[in-house]
Amino acid sequence: MKTTWIGAALLGAALALGASAAGAQAAREFSPTVQLGGQTPLKNGQGTRYKAIFKVYDLALYLPAKTQDAAQVLAMAGAKRASFVALRDIPADQFGLSLVSGMRENVSARHAAEVIGYMSDVIAVFSSEKMIKAGQTFRVDYVPSKGTSFYLDDKQKGPTVANPLFAEAVLSIWMGPKPVEAQLKDSLLGKAAPAPNAQSLN
């Protein structure tokens, strides 16, 4: 019985460590650049979002210039894109709610008050779909002269939001002080994953 319990515990630890290490880099390779609003944003980093040990989506972040500073990501002028590929079926309404929750966690009360109406629009956009299927692509584009738009399989969903504070709120989901996943944040910033400590497994 004791041996079985230890084996299960070691397996659980190995799965957790494997998920953490794998989360440092997305399995899918994204294009190094994209065309957006007459500009050519560069891939700043990419990674995989995990929930427990399960892969949820691959994500790449495109910016006007590369940076490892999260504050610069939010403040940087120019076109930006967050490009996703679903790795499992995701209930669309739950995804929309999680985005709104992430925004509220990472912006000030004053900032939230400025964009609260647009947050409701995000929920409405994703509630129009039953499911984001594994393999489907979705993205968030910000073009300074236009605003923030959501796309599912290259089709725009919902209206474009002109307020630049909304784009900052959306990106704060991954770049804010309470990101959806710390390791994913580092991956999107192009930071190398820490080497595993072999001694910790002894």
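Guide: Contact means heavy atoms within 4.5 Å.

Visitor: What makes a group of residues a nonpolar core?

Guide: Its members are buried, come from a set list of residue types, and are joined through side-chain atoms within 4.5 Å. The largest such core here has 41 residues. Tyr57, Met103, Phe126, Ile132, Trp174 and Met175 touch the most other members. Helix H5, residues 164–175, gives the most to this core, with 7 residues. Another core lies apart from it, with 5 residues, including Phe30, Val34, Ala60 and Tyr62.

Visitor: Why is Gln136 called buried?

Guide: Buried means under 20% relative accessible area. Gln136 has 18%, so it is buried.

Visitor: Where is Gln136 found?

Guide: Gln136 is in the loop between strand S5 (131–132) and strand S6 (137–143). Beyond four places in sequence, it is in contact with Phe84, Val85, Ala86, Met131, Leu152 and Asp153.

Visitor: What makes the link between the side chains of Gln136 and Asp153 a polar contact?

Guide: The distance is 2.7 Å. The cut-off for a pair of N or O atoms is within 3.5 Å, with one able to donate a hydrogen and the other to accept it. The pair is therefore listed as a polar contact.

Visitor: Why is Thr40 called partly exposed?

Guide: Buried means under 20%, exposed means over 50%, and partly exposed is in between. Thr40 has a relative accessible area of 39%, so it is partly exposed. Thr40 sits in the loop between H1 and S1.

Visitor: Which residues are in contact with Thr40, leaving aside its neighbours within four places in sequence?

Guide: They are Thr33, Val34 and Gln35. The side chains of Thr40 and Gln35 also make a polar contact, at 3.2 Å. Thr40 and Ala65 are 25 residues apart along the chain, and their C-alpha atoms are separated by 9.6 Å.

Visitor: How do you know that S3 is mostly covered?

Guide: Count its residues. In S3, 7 of 7 are buried. Lys80, Ala82, Phe84 and Ala86 are on one side, and Arg81, Ser83 and Val85 are on the other. Both faces are covered.

Visitor: Why are S2 and S3 said to pair?

Guide: Pairing needs at least two bridges. S2 (residues 54–63) and S3 have 6 bridges, so they pair. They run antiparallel. Tyr62 has Arg81 in S3 as its bridge partner, and Ala60 has Ser83. S3 also pairs with S6 over 6 bridges, in the antiparallel sense. There, the bridge partner of Lys80 is Tyr142.

Visitor: What order do the strands of the open sheet follow?

Guide: The 6 strands run S1-S2-S3-S6-S7-S8, with antiparallel pairing.

Visitor: What makes strand S1 and strand S8 edge strands?

Guide: S1 (42–51) and S8 (155–161) each pair on one side only. Neighbouring strands of the sheet are turned by 15 degrees against each other on average, direction ignored.

Visitor: How many helices and strands does the chain have?

Guide: It has 6 helices and 8 strands. Along the sequence, the pattern is α-β-β-α-β-β-α-α-β-β-β-β-α-α. Of the 202 residues, 43% are buried.

Visitor: Where in the chain is confidence lowest, and where is it highest?

Guide: The mean is lowest in helix H1 (residues 2–22), at 37, and highest in strand S3 (residues 80–86), at 97. The scale for pLDDT runs from 0 to 100. The chain averages 83, and 81% of the residues score at least 70.

Visitor: Which residues need caution, with pLDDT under 50?

Guide: One stretch is residues 1–25, with 23 contacts in the model beyond four places in sequence. Residues 195–202 are also below 50, and that stretch has 1 contact beyond near neighbours in sequence. Where pLDDT is low, the predicted coordinates should not be read in detail.

Note on methods
Residues are numbered from 1 along each chain as its sequence is written. This is a predicted model: local features need pLDDT of at least 70, side-chain atom pairs count only at pLDDT 80 or more; totals for chains, interfaces and linings use all residues. Side-chain values use heavy atoms; hydrogens and water are left out. Buried means under 20% relative accessible area, exposed over 50%, partly exposed in between (1.4 Å probe, protein chains only). Helices (H or I, at least four residues) and strands (E, at least two) are DSSP runs, numbered from the N terminus. pLDDT is the predictor's confidence in each residue, from 0 to 100. Axes are lines fitted to C-alpha atoms, for helices over the stretch in contact, and angles run from 0 to 180 degrees between N-to-C directions.
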